[in-house]
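Thanks for coming, everyone. I'll walk through one model this morning.

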Amino acid sequence: MTTGISAVPRSVGPADTDNTVDIAVPFADCHITEEAQAAALRVLQSGWVTTGREVAAFEASFATVVGAEYGVGVASCTHGIELALRSLDLPSGSLVLSSTMTFCGAVQAILHAGHTPVLVDVDPKTGMPTPATIRTAVREFGSPAAMTVVHWAGDVADVPALAAAAGLPLDRVVVDAAHAVGTYAGDRPIGSGCAATCFSFYATKNLPLGEGGMITTDDPVRAEWLRRARLHGMTADAWRRYLPGGSWRYNVAAAGLKANMTDIQAAMGRAQLAYLPRWQRRRAQIAARYDEQLAGLPGITLPHRPALRDGRHAWHLYPIQLRFAGLDRDTVIADLSERAIGTSVHFIPVHRLAYFSQAAVVPSIGLAGADTLFDRLLSLPIYPRLTDEQVDAVCAALADIAQQNLAGKGTE
């Protein structure tokens, strides 16, 4: 049994006058296992803490887990998307399609790679683009050079169908899998089948390290280019230069970044990876418990399930939609906060952020699907150490809010 480190303390409050117990429910919990802590200490004591043997070992282990030939450890998923797009060797300023319902960093990566983001609308039911919304953008702006596809919340995007709608081969598709450690398309884990797939190990993710990311690919030439580009484009990193028999000489073969993963992160990652199967089972159990208690509550729509046959949701997020008449989402958030229940919203659509109103392009008909979804969207706590009692407390609070609202004004 491991105790680990929790980013947010959990507590049980005193009983109220109705003899019920108030349970504090943080939105997130970054659990670093004892094994991962020990691995980090081992690296700290080794005298070598930057990119080295641990990174190479983690790359190989992670690639095996997600069914890819190669893994390339990087500083973040955002760096991964940028490097993956650079590896496509597109003309400067190329059009790159992206969902507007994603984290801003994913679109920043397109800009930093030297290209123009074209924001695409989503289906409000899934939070992801459809072939129809892709074709709308292509009709207005012309054929894109590439596309990023996000498996939003851990649900499964139909990558081949979206690529076909954009008129792109799969080797011009970069997958944003920040939410998709543990997502499956059919019987295959997300991690291969396109130019590159980019994962996140941020503190709130399914495989948390605090920071860090991974690019997976099946292309050996691309993998080698990515390994160089993540460290200034140098032909030999410090580990290879400083090993016995190594040479201090190196060249710079590409325009690279300072985006390498460290051995500390990688050693922690290898230890955390051993827990991923049980963590994913627990996430699925929590989602099922939410389903059971929230199904049928007036004004609440449960998350979308994978449409692909045999697809598997990673349950990075549990995003519900609120349809209370006369009661907006932010009021519900405030009410839950008063009950010591943390929530969040994933995400503010990129086209609603000031910088991207100038830096990205949007279809002239707008992005109504994303706008509709955003105003209803609410992410509930979901992480492996969330207890059944905490899940029940969240559900009870939502049921109370729903019943009070129904008594007052009803639902949409």
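Arg281 counts as exposed, because its relative accessibility is 53% and the cut-offs put exposed at over 50%, buried at under 20% and partly exposed in between, with a 1.4 Å probe and protein chains only. Arg281 sits in helix 10. Helices here are DSSP runs of H or I with at least four residues, strands are runs of E with at least two, and both are numbered from the N terminus. Between the C-alpha atoms of Arg281 and Leu367 there are 35 Å, and the two are 86 residues apart along the chain.

Some ground rules. This is a predicted model, where local features need pLDDT of at least 70 and side-chain atom pairs count only at pLDDT 80 or more, while totals for chains, interfaces and linings use all residues. Residues are numbered from 1 along each chain as its sequence is written, and side-chain values use heavy atoms, with hydrogens and water left out.

Now the pocket. How much space lies in the largest pocket? About 640 Å³. A pocket is an open set of points on a 1 Å grid over the protein atoms alone, with protein on both sides within 12 Å along at least five of seven lines; the probe is 1.4 Å, and lining residues have an atom within 4 Å of a point. Points are joined across faces, edges and corners, and the volume is the space filled by probe spheres set on them. The largest pocket has 37 lining residues, and closest to its centre are Ser200, Tyr202, Thr204, Lys205 and His316. Helix 3 (77–87) and helix 10 (276–294) are the elements that give two or more residues to this lining. Helix 3 has the largest share, with 3 residues. By class, the lining splits into 20 nonpolar, 12 polar and 5 charged residues. Nonpolar covers Ala, Val, Leu, Ile, Met, Phe, Trp, Tyr, Cys and Pro; charged is Asp, Glu, Lys and Arg; the others, Gly among them, are polar.

Next, the core. In soluble globular proteins, nonpolar side chains tend to be buried together. Here the largest nonpolar core has 56 residues. A core means buried Ala, Val, Leu, Ile, Met, Phe, Trp, Tyr and Cys residues joined through side-chain atoms within 4.5 Å. Leu97 and Met147 are among those with the most contacts inside this core. Leaving out residues up to four places away in sequence, Leu97 touches, among others, Val118, Ile134 and Met147, where contact means heavy atoms within 4.5 Å. Another core lies apart, with 31 residues, including Trp315 and Ile401.

Leu97 leads us to strand 6. Met147 in strand 6 is the bridge partner of Leu97. Strands 4 and 6 run parallel, joined by 2 bridges; pairing requires that DSSP find at least two. Strand 6 also pairs with strand 7, again parallel, over 4 bridges. Both faces of strand 6 are covered: Ala146, Thr148 and Val150 are buried on one side, Met147 and Val149 on the other.

Helix 4 (104–112) has buried residues too, including Val107, Ile110 and Leu111. Their cover includes helix 3, strand 6 and helix 12. After helix 4 comes Gly114, with a positive phi near 95°.

Three strands run in the order 12-13-14, with antiparallel pairing. Strand 13 and strand 14 share 4 bridges, and Tyr318 stands opposite Leu380.
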